[in-house]
Amino acid sequence: VCCLCHRAEADPETCGRKLEKQGLCAHEFCLFFAIQLGQRQVEELGLTGFLPEDIQCAVHQAAEKRCFVCGESGATITCREMGCDRSFHLPCAVEGGCVTQYFFQYRSFCWEHRPQQALEAAPKDAACLVCLDPVEDTKSYATMGCPACKHAWFHRVCIQGQALHDGMTWFRCPLCRDRDAFLTEMLTMGIRIPFRLPSWESLAYARHSRCDAERCLCPGGREQAEEEGPWELLLCSSCAAEGTHRGCSSLSSTRASWECDCC
């Protein structure tokens, strides 16, 4: 059982790996989000840099704090808004509408003080670009949008799943393919984006990608791909997230690889 969230089983996509050492057991991200804990510079110490005595102290201090979501004691995560004392367990965050930011300071916010997107509500009959099911036409925790194109809508759970598959190197808006503004906004809104290359599932999907040249010259359109010649589709050799026909980027038939502008 994790000594911080008191769960024997928890979603690893939310809580991370379970770590055990010197009689202590804790989830990776339960450690990072615990308000009383600080990580040492030497990660080999304790549990990835969190000392056993510091962890035990955090558990002791949280013993009287009740999770505002499940009502149980031992909540080690507290809203970072000044003056707010709402506490919760990491596995309870989504149910409670909380935002947990998986970068730098690993800050957490309750439902009242969580960051909000500046976008208007999705139009009626708008569909999630990931699962194609309808999204809510009111601003909500469960529905998110792209800050760049402002026309892409998706469920929080769906875009989180895409982020876990894509990784930091490939994650971008599924509609306009913006990366910078989209990635920054999603991190701020609590989407966890792992620092790794895309998973095999995403790479397999990329094999059926399209030409992303500014001006596609192929008579058959961006989706057409031939085995050789000017309409052979090359994927970026670094991220596999962008593609181009040889003829659309003036690539010779002998050139074996190509990199997109981002890479």
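This is a predicted model: local features need pLDDT of at least 70, side-chain atom pairs count only at pLDDT 80 or more; totals for chains, interfaces and linings use all residues.
Let me start with the pairing of β1 and β2. Strand β1, residues 18-21, runs antiparallel to β2, with four bridges between the two.

Across the pair, L19 stands opposite A26 of β2, and E20 stands opposite C25 of β2.

Now the side chains of β2, residues 24-27. In a regular strand, side chains alternate between the two faces of the sheet. Here L24 and A26 point one way, while C25 and H27 point the other way. Which of these are buried? All of them: L24, C25, A26 and H27.

Next, the domains. The assignment divides the protein chain into domain 1 at 12-109, domain 2 at 118-201 and domain 3 at 205-262. The centres of domain 2 and domain 3, taken over C-alpha atoms, are 25 Å apart.

Last, the second largest pocket. It holds about 360 Å³ of space. Its lining has 20 residues, and those nearest the centre are T14, V94, R156, V157 and Q160. Which one gives the largest share? That is α4, with five residues.

By domain, the lining of this pocket takes at least three residues from domain 1 and at least three from domain 2. By residue class, the lining is made up of 10 nonpolar, six polar and four charged residues.

Conventions
Residues are numbered from 1 along each chain as its sequence is written. Side-chain values use heavy atoms; hydrogens and water are left out. Domain bounds come from an automatic or database domain assignment. Buried means under 20% relative accessible area, exposed over 50%, partly exposed in between (1.4 Å probe, protein chains only). Two strands pair if DSSP finds at least two bridges between them. On a 1 Å grid over the protein atoms alone, a cavity is a set of points where a 1.4 Å probe fits but cannot get out, and a pocket is an open set with protein on both sides within 12 Å along at least five of seven lines; lining residues have an atom within 4 Å of a point. Grid points are joined across faces, edges and corners, and a volume is the space filled by probe spheres set on the points. Ala, Val, Leu, Ile, Met, Phe, Trp, Tyr, Cys and Pro count as nonpolar, Asp, Glu, Lys and Arg as charged, and the others, Gly among them, as polar.
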